Amino acid sequence: MKKLKQLKSVESTLLGLKGDLETERQLATNSNEAAAISSALLDVADMLKLIEQQIEQVQKVQGDNTNGLD
Amino acid sequence: MDWTNILHGAQQLTWLEYIVRGIVVYIALITMVRLMGQREITQLTAVDFIVAITIGTIAATPLSTPTSSMWAPLLSVLVVIAVKMLNTYLGMKSQWFERLSSGEPVTVIKNGKIQEQAMKKGLLTLDTLMAELRRNKVFNLNDVDLAILETSGKINVLKKREQQSVTKQDLAVDSGVSFFPAFLVKEGRILYDNLEEAGLSESWLRSQLQAMGLKGLETVFSAQLSTTGELYVDTYDDTTPQKRNVARDLILSQIKKLEAQSRQFAQQSNDTHTGQIYQELNAKAQQVYQKLTQAWGETTSLTISTEK
């Protein structure tokens, strides 16, 4: 449960960051800035994917354990 | 309007003469009270209170009595103020005289115990004492280490150590370098004295403003250095640049939060695979931070470096 809680917490930070970066990209005043934000967004998307995979795995393990107990 | 009537008095004064008298008395009183110094206004002791009432009563005479001259009451006020100033001067020179004229502070509670003799000396009732303690946010006598009845009639309270608020020193928290909260820019003008006092340069200030997306000093209404070393800028146009900067700071702080989370969870993690994922996340977060700070400029954050 602690592991899942930690992963969810990181996921929440990443989602917030992604939203703010998307807003900031729309407001970018020059191409360099826009490029840097786009690149940052890709990195954030990668990190998010990684965390979501981990969450799925943990949830699956927990589900298996619960079914086993049943 | 007859100035002789205004200054020396008459059986009857016109409205205009009353108005002029009021203005003259007001200006004279302000001048004389200023002579007494700031202390008299903010810290009224029993003597100060008596002097204030005396001055008010005397000064009211030419305003309400047309036959009274203006000179005599104003001269009387001047004499009272001069005596008061002499009193203050002598009090500064002699502790004995100060005690004689203003009295001395009395300890009314010591180690949570009421000093009955001191209460009698200070003509203080238990109800008044408790009301004063409550004003100091103290509700139990046992919480008080020391309570002193000052010559102004106020009671100052020192709580017992265990009842005192926790300080940063108690928690061994480093509060960092403390800056004097000074304005560096006022209405578009740089205050060079304050800048120098803070150990900062004009080029530094201009680079900070530039990093905030501000075109020049003429757009800045005020820029203040906070005690924590942050620069707060208020522009004439309260829209885009400041908001943009706040949004960028928020993004950078979120990345820093992500770095901290991943570092902490990597340390706490029991299995190697999850630990590695968090480490990877930490490294990526650092990269993202670097990319953005380079694009926005190193000085995007409003916090001033303490390495001057």
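Begin in chain B by selecting S6, S5, S7 and S8, which in that order form an open sheet of four strands with antiparallel pairing; strands here are DSSP runs (E, at least two residues) and helices are runs of H or I of at least four residues, both numbered from the N terminus, and two strands count as paired if DSSP finds at least two bridges between them. This is a predicted model, in which local features need pLDDT of at least 70 and side-chain atom pairs count only at pLDDT 80 or more, while totals for chains, interfaces and linings use all residues. Residues are numbered from 1 along each chain as its sequence is written, chains are lettered from A and ligands numbered from 1 in the order in which they are written, and side-chain values use heavy atoms, with hydrogens and water left out.

Colour the two edges next: strand S6 (189-190) and strand S8 (231-235) of chain B each have a single partner strand, so one side of each is left without a neighbour in the sheet.

Return to the strands and select S5 (residues 183-186) and S7 (residues 220-225) of chain B, which run antiparallel and are joined by three bridges. Phe183(B) has Gln224(B) in S7(B) as its bridge partner, and Val185(B) has Ala223(B). On moving to S8(B), you will find that Ala223(B) is also bridged to Val233(B), and that S7(B) and S8(B) run antiparallel with five bridges between them.

Finally, show both chains: 27 residues of chain A are in contact with 26 residues of chain B. The area buried between them is about 2400 Å², of which carbon and sulfur atoms give 63%; buried area is the accessible area (1.4 Å probe) that the two parts lose on being put together, summed over both. The rule finds three salt bridges across this interface, a salt bridge being a side-chain nitrogen of Lys or Arg within 4 Å of a carboxyl oxygen of Asp or Glu. Select Asp46(A) and Lys284(B) to see their side chains meet in a salt bridge, at 3.3 Å from N to O.

How values were computed. Contact = heavy atoms within 4.5 Å.
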